[in-house]
Amino acid sequence: MAFGSKMARSIGKARGMFTGGMPPGGRLPGFWLSAPNIVPVFRKGGDKVPVDAFSIDCRPYQPGTWTEAELFDRMRSTYDEFGVVRLTNTGLTEAKEMHRYARAVVKKQMKYEGGANPREGIIENVFEVGAPNDAWLHYHHEMAYNQHSMKNLAFCSIKATPGKGDTYLSENISVTDSLMKTDLGRKLRDKGVCYIRCLTDREAYEGKGWLQGASVYNHWQLSFGVDTPQEAEAVARDCGLDVEWCEDPLKPESKRYMKTKLTISAFEYCPSVGRNVLYSSIADHNMWFDTWKGVHDVPPAKRPLQMTFGDGTPFTLEELQQWVSLYDEGGIRVQWQTGDIVAFCNYRYAHGRPAFTLHKWEERQIGVVLG
């Protein structure tokens, strides 16, 4: 099968760090004392796609009038052209109103089942990011570790502090083209990837998670929205995951440690461009936790996320560095102000952000709408 000609099906199941220089800001915010093995810079030089090209200033449009319908049409046409649209100067402050505008692009909403991050709902169908501020969030495609891929998503800026916690997008078509010129790209094409996720039992940790300082990423009760192992396993299998119940390596008395596994193509078919694009990243590798408070001290082999090539071969540090660097080359910085909304294609763009710190009087809250 020629690369980019058909849906990515050839590997496993089909779907239904230092990169050079200092990171943005010129220093390493966060709690750790030394830099992790790989630190993304998120963007090399200017934006791969100018932010102004896909931004709409909403000041001329009035909610509830004919101009609002015009705005929705403009949102859809911008999204169709660029795979991303950004609303700014909206004057919105409520998640419910932002959700209504996001739905102009993210039309069919996906239920958050089988997700890795412990997201809490802000309102119905709008979720928290579910990650510590002082952790680096590597570029990734949302829920790539499930058999059923997510089409698009939107971020809604409910509270913002200028310059703190900006989101970065990576333009994935150019990243894919660059990757396929490398040995790493060819290995990913031929071997696929294997995702292993391990989820703890909430009862064994008395409900505590990373917010309370526990060495926990996510409990299976939160990830799958259920109360029993039988229910969790049923939902996981609906997501195309193999399931094994194990002893918790950090709490041996717990026997309800849920391990899921998926071997699948590293690429996904993007209908809007008619080709396969990269759909995997080191965000599903144990390095994801190098800066995750409560989990960074856990030995890498015991961390909740593990990732290899599809045949079980581990990635080398050099391959992981190259992977991160290629995503950095596609980087686009999206700066937040309250009321901004960014909707984007989950195939054409990866997303991530650097670590950041807030003063007590500063706030940042991003709502996530999944499509």
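Trainee: What order do the four strands of the open sheet come in?
Mentor: This is a predicted model. In it, the order is β9-β10-β8-β13. The pairing is antiparallel.

Trainee: Which strands stand at the edges?
Mentor: β9 (242-246) and β13 (305-309) do. Each has a single partner strand, so one side of each is left without a neighbour in the sheet.

Trainee: And how many degrees does the twist average?
Mentor: The average is 20 degrees from one strand to the next.

Trainee: How many bridges join β8 to β13?
Mentor: Five. Strand β8 covers residues 193-199, and the two run antiparallel.

Trainee: What stands opposite Ile 196?
Mentor: Gln 306, in β13.

Trainee: New topic. Which residues touch the most other members of the largest nonpolar core?
Mentor: Met 75, Leu 188, Phe 224 and Trp 323. That core holds 91 residues. There is also a second, separate core, with 11 residues. Among them are Ala 135, Leu 137, Val 295 and Val 298.

Trainee: Why talk about cores at all?
Mentor: In soluble globular proteins, nonpolar side chains tend to be buried together.

Trainee: Which residues lie nearest its centre?
Mentor: For the second largest cavity, they are Thr 200, Ser 215, Leu 250, Tyr 257 and Pro 304. They belong to a lining of 15 residues.

Trainee: How many of the lining residues are nonpolar, polar or charged?
Mentor: The second largest cavity has 10 nonpolar residues in its lining.

Terms used:
Residues are numbered from 1 along each chain as its sequence is written. This is a predicted model: local features need pLDDT of at least 70, side-chain atom pairs count only at pLDDT 80 or more; totals for chains, interfaces and linings use all residues. Side-chain values use heavy atoms; hydrogens and water are left out. On a 1 Å grid over the protein atoms alone, a cavity is a set of points where a 1.4 Å probe fits but cannot get out, and a pocket is an open set with protein on both sides within 12 Å along at least five of seven lines; lining residues have an atom within 4 Å of a point. Ala, Val, Leu, Ile, Met, Phe, Trp, Tyr, Cys and Pro count as nonpolar, Asp, Glu, Lys and Arg as charged, and the others, Gly among them, as polar. A nonpolar core is a set of buried Ala, Val, Leu, Ile, Met, Phe, Trp, Tyr and Cys residues joined through side-chain atoms within 4.5 Å. Buried means under 20% relative accessible area, exposed over 50%, partly exposed in between (1.4 Å probe, protein chains only). Two strands pair if DSSP finds at least two bridges between them. Axes are lines fitted to C-alpha atoms, for helices over the stretch in contact, and angles run from 0 to 180 degrees between N-to-C directions.
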